[in-house]
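Subject: Structure handover

Hello,

Here is the structure I said I would pass on. Please look through it first, then read the notes below it.

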Amino acid sequence: KLAIFNVTMTNISRTPIVAGGDYMPSVQFWDTHGMKRFELINYFDPKTKDLPEGTLKKGQSANFDIVMTVPASFSDFRVGLAFGTDT
């Protein structure tokens, strides 16, 4: 299965936000048996099908799709989104 999330990220801060590379939202799935990580395929700009990239200034937005694989046996699960890096 594929899970596709269409996301709009808007910068409401004065601090610029980098879009692309390691600076994209992460997705976490949970099932009834505990937390599971599913595989990220990639992030895509829905208009160009390219990877999103750039810097968002205050008030600017970026639209992109997050495409993930989901094990076929999972029919009921929860999704969480986070923003930041592991460093």
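Asp65 is buried but takes part in no salt bridge; Lys49, the nearest side chain of opposite charge, is 5.4 Å away. Buried means under 20% relative accessible area, exposed means over 50%, and partly exposed is in between, with a 1.4 Å probe and protein chains only. A salt bridge needs a side-chain nitrogen of Lys or Arg within 4 Å of a carboxyl oxygen of Asp or Glu. For charge, Lys and Arg count as positive and Asp and Glu as negative, while His and the chain ends are not counted.

Please note that this is a predicted model, in which local features need pLDDT of at least 70 and side-chain atom pairs count only at pLDDT 80 or more, whereas totals for chains, interfaces and linings use all residues. Residues are numbered from 1 along each chain as its sequence is written, and side-chain values use heavy atoms, with hydrogens and water left out.

What does the side chain of Asp65 touch? A polar contact of 2.7 Å links it to the side chain of Asn6. Such a contact is a pair of N or O atoms within 3.5 Å; within protein, one must be able to donate a hydrogen and the other to accept it, and residues adjacent in sequence count only if both atoms are side-chain atoms. Asp65 sits in strand 7. Lys49 belongs to the loop between strand 5 and strand 6 (54-56) and is exposed, with a relative accessible area of 56%. Lys49 is not a glycine, yet its phi is positive, at about 65°.

Now the chain as a whole. There are 0 helices and 8 strands; helices (H or I, at least four residues) and strands (E, at least two) are DSSP runs, numbered from the N terminus. Of the 87 residues, 30% count as buried.

The aromatic rings come next. The count is 1 aromatic pair, made by Tyr43 and Phe64, and it is edge-to-face, with 6.1 Å centre to centre and 70° between the planes. Tyr43 is in strand 5 and Phe64 in strand 7 (residues 61-69), so the pair ties together parts that are 21 residues apart in sequence. Both Tyr43 and Phe64 are buried. The rule pairs rings of Phe, Tyr and Trp (its six-membered ring) if their centres lie within 6.5 Å; planes under 30 degrees apart count as stacked, over 60 as edge-to-face and the rest as tilted.

On the surface, Leu2, Ile4 and Ile41 make up a nonpolar patch with about 290 Å² of accessible area together. Patches take residues with over 30% relative accessible area and no salt bridge, joining like charges within 9 Å and nonpolar side chains (Val, Leu, Ile, Met, Phe, Trp, Tyr) within 5 Å. Areas come from the Shrake-Rupley method with a 1.4 Å probe; for residues, only the protein chains shown count as cover. Ile41, in strand 5 (residues 40-44), is partly exposed at 39% relative accessible area.

Last, some pairs that are separated in sequence. Val67 lies in strand 7 and is buried, at 11%. Gly59 and Asn11 are 48 residues apart in sequence and 5.4 Å apart in space, C-alpha to C-alpha. Gly59 is in the loop between strand 6 and strand 7 and is exposed, at 57%.

Regards
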